[in-house]
Amino acid sequence: VGRRVDRVITVSRCSASAIERLIGVPAEKISVVYNGVDTEVFQNHNGVVKEPGSIIFVGNTEDRKKGIIHLLQAVKRLKETRPVKLTIVDGGSPQAGYASSLIKRYGLENNVRVVRRLSSHDLVQHYVAAEIAAVPSLFEGFGFPAAEAMSCQLPVITTNAGALPELVAHDQSGILIDPGDVPALTDSIQRLLDDEELRRRMGHTGRRTVEQKFNWENAARQTLEVYRQAL
């Protein structure tokens with residue numbers, strides 16, 4: 001089907017490259033239109049008190065590509081030297097057991113809490129109460145949790161895998177590491193927790209990036225232009 005259509009719209013340059021390489025769609029038929037974030041919903045609320053040493057992870061922990069094992073290994077290292085709290089907002093099945101088994105294996109019951117399937121309002125409350133967002137994925141075709149965290153003015157620690165470097169600029173809106181590099185993930189968390197001014201600067205940069213690049217008005221306008229070209 002992809003090779004027969006007039007145009008293909010995808011959500012990142014990484015995905016566009018994969019469509020060209022794996023499916024055989026010519027590059028000139030592929031248009032990149034980034035997903036957007038509702039910046040009126042996902043925004044910082046100054047009245048929410050930040051929890052010291054807090055990290056947030058949002059994603060389906062049953063999906064091994066999300067890298068939750070590497071984040072929990074980093075938290076295990078960190079808890080030996082400082083108080084650290086990780087909130088996992090798990091979008092997977094309530095019966096999922098992978099993350100729970102890892103939490104028990106690493107002795108993190110007092111450092112990690114798991115919440116599930118929150119409303120947008122409640123999710124935003126968790127974002128803005130955290131000091132850092134961690135997106136340790138092994139691959140993302142876009143990466144909504146990174147974009148949502150940036151919109152809430154959180155610095156993001158993520159990997160240089162898939163489309164994530166298209167969202168997060170290293171040392172500007174966050175920190176990029178190699179996927180699966182637990183020592184680098186640990187050091188990056190430590191660096192941000194120790195530097196409030198760096199967290200604040202990265203958070204503001206991330207918010208500006210979302211406002212300028214990852215909003216639904218841009219996505220709608222660019223999608224309409226692809227239709228015009230195709231017709």
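In helix α7, the buried residues are V182, L185, T186, S188, I189, L192 and L193; buried means under 20% relative accessible area, exposed over 50%, and partly exposed in between, with a 1.4 Å probe and protein chains only. They cover an arc of only 165° around the axis, so they sit on the same side of α7; the arc is that of the directions from the helix axis to the C-beta atoms.

Keep in mind that this is a predicted model, in which local features need pLDDT of at least 70, side-chain atom pairs count only at pLDDT 80 or more, and totals for chains, interfaces and linings use all residues. Residues are numbered from 1 along each chain as its sequence is written, and side-chain values use heavy atoms, with hydrogens and water left out.

**The whole chain**

- The protein chain has 9 helices and 8 strands (DSSP runs numbered from the N terminus: helices are H or I with at least four residues, strands are E with at least two).
- Its radius of gyration is 18 Å, close to the 17 Å from the globule rule for 231 residues, so the protein chain is as compact as a globular protein of that length. The radius is taken over C-alpha atoms, and the rule is 2.2 Å times the number of residues to the power 0.38.
- Along the principal axes, the C-alpha trace spans about 60 × 35 × 30 Å.
- Of the 231 residues, 49% count as buried.
- Looking at contacts with a separation of 6 or more, 68% come from residues 24 or more positions apart; contact means heavy atoms within 4.5 Å.

**More on helix α7**

- Helix α7 runs over residues 182-193, and its 12 residues should span 16 Å at 1.5 Å a residue; the end C-alpha atoms are 16 Å apart, which agrees. The expected span is 1.5 Å times one less than the number of residues.
- Cover for the buried residues of α7 includes β3, α2 (68-78), β6 (132-135), β7 (156-159), β8 and α8.
- D181 caps the N-terminal end of α7, with a side-chain oxygen 3.1 Å from the backbone nitrogen of A184. A polar contact is a pair of N or O atoms within 3.5 Å; within protein, one must be able to donate a hydrogen and the other to accept it, and residues adjacent in sequence count only if both atoms are side-chain atoms.

**Helix α9**

- N218, A219 and V226 are the buried residues of α9. They take up an arc of only 95° around the axis, which puts them on the same side of α9.
- Over on the other side of α9, E217, Y227 and R228 are exposed.
- β1 (8-10), β2 (30-32) and α8 (196-213) are among the elements covering the buried residues of α9.
- N215 caps the N-terminal end of α9: one of its side-chain oxygens is 3.2 Å from the backbone nitrogen of E217.

**S54 in β3**

- S54 is part of strand β3 (residues 54-59), and it counts as buried because its relative accessibility is 4%.
- A polar atom of the S54 side chain lies 2.5 Å from the backbone oxygen of E51, and one lies 3.5 Å from the backbone oxygen of A129.
- Leaving out residues up to four places away in sequence, S54 touches K85, A129, A130, E131, I132 and L193.

**Positive phi values**

- Most residues other than glycine have a negative phi.
- R117 has a positive phi near 45°; R117 lies in the loop between β5 (112-116) and α4 (120-129) and counts as exposed at 58% relative accessibility.
- D171 has a positive phi of about 65°; D171 sits in the loop between α6 (164-167) and β8 (174-177) and is partly exposed at 31% relative accessibility.
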